[in-house]
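Hi everyone, thanks for making time. I'd like to walk you through one model today, so let me put it up on the screen.

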Amino acid sequence: LIGFDDAQANQLKTLEYTFLLDVRKAEKCCFCNKKKRVEKLKTKRATDLQKILTREQFIKYDAVENERIKKHPLWAE
């Protein structure tokens with residue numbers, strides 16, 4: 001649907017893995033404001049995604065991720 005190339009796919013995999021690890025650390029932290037820290041991580045992730053993807057790819061990726069469009073084809077098989 002989005003049309004990633006292999007290099008972008010590898011960069012996305014690394015970015016998502018790092019993001020999930022950082023969110024996990026933030027949720028287990030008892031000294032910090034979890035909600036603010038997770039929001040900062042989401043903002044940083046969006047910025048990094050924009051560096052990896054073209055504008056069109058980012059818009060499609062964001063729409064799929066936030067469930068604004070369906071992930072599967074619309075036609076019936």
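This is a predicted model: local features need pLDDT of at least 70, side-chain atom pairs count only at pLDDT 80 or more; totals for chains, interfaces and linings use all residues.

Residues are numbered from 1 along each chain as its sequence is written, and side-chain values use heavy atoms, with hydrogens and water left out.

Now the overall layout. The protein chain has 3 helices and 0 strands, and from the N terminus on the elements run α-α-α. Helices here are DSSP runs of H or I with at least four residues, strands are runs of E with at least two, and both are numbered from the N terminus. Of the 77 residues in the chain, 27% are buried; buried means under 20% relative accessible area, exposed means over 50%, and partly exposed is in between, with a 1.4 Å probe and protein chains only. The chain exposes about 6500 Å², and carbon and sulfur atoms supply 55% of that. Those areas come from the Shrake-Rupley method with a 1.4 Å probe, and for residues only the protein chains shown count as cover.

Let's look at how the helices pack. Helix α1 covers residues 6-28 and helix α2 covers residues 34-52; their axes are 10 Å apart, at an angle of about 175°. Axes are lines fitted to C-alpha atoms, for helices over the stretch in contact, and angles run from 0 to 180 degrees between N-to-C directions. α1 and α2 are therefore roughly antiparallel to each other. On the cut-offs, angles under 35 degrees count as roughly parallel, over 145 as roughly antiparallel, 65 to 115 as roughly perpendicular, and the rest as oblique.

Who makes that contact? On the α1 side the residues include L12, L15, E16 and F19, and on the α2 side they include V38, L41, R45 and L49. Contact means heavy atoms within 4.5 Å. By class, the contact of α1 with α2 has 9 nonpolar, 2 polar and 8 charged residues. Ala, Val, Leu, Ile, Met, Phe, Trp, Tyr, Cys and Pro count as nonpolar, Asp, Glu, Lys and Arg as charged, and the others, Gly among them, as polar.

The α2 and α3 pair has its axes 10 Å apart too, at an angle of about 140°. α2 and α3 are therefore oblique to each other. Their contact is made by R45, A46, L49 and Q50 of α2 with F58, Y61 and E65 of α3. That gives 4 nonpolar, 1 polar and 2 charged residues.

The largest nonpolar core has 8 residues: I2, L12, L15, L49, I52, L53, F58 and Y61. A nonpolar core is a set of buried Ala, Val, Leu, Ile, Met, Phe, Trp, Tyr and Cys residues joined through side-chain atoms within 4.5 Å. Each of α1, α2 and α3 (55-65) supplies at least two residues of this core. Apart from it lies another core, of 5 residues, among them F19, A26, V38 and L41.

Leaving aside neighbours within four places in sequence, L12 is in contact with F4, L49, I52 and L53. I2 sits in the segment before α1 and counts as buried, at 16% relative accessibility. Not counting residues up to four places away in sequence, I2 touches Q57, K60 and Y61. In α3, Q57, F58, Y61, A63 and V64 are buried, and the buried residues of that helix pack against α1 and α2.

E16 and R45 are 29 residues apart in sequence and 8.1 Å apart in space, C-alpha to C-alpha.
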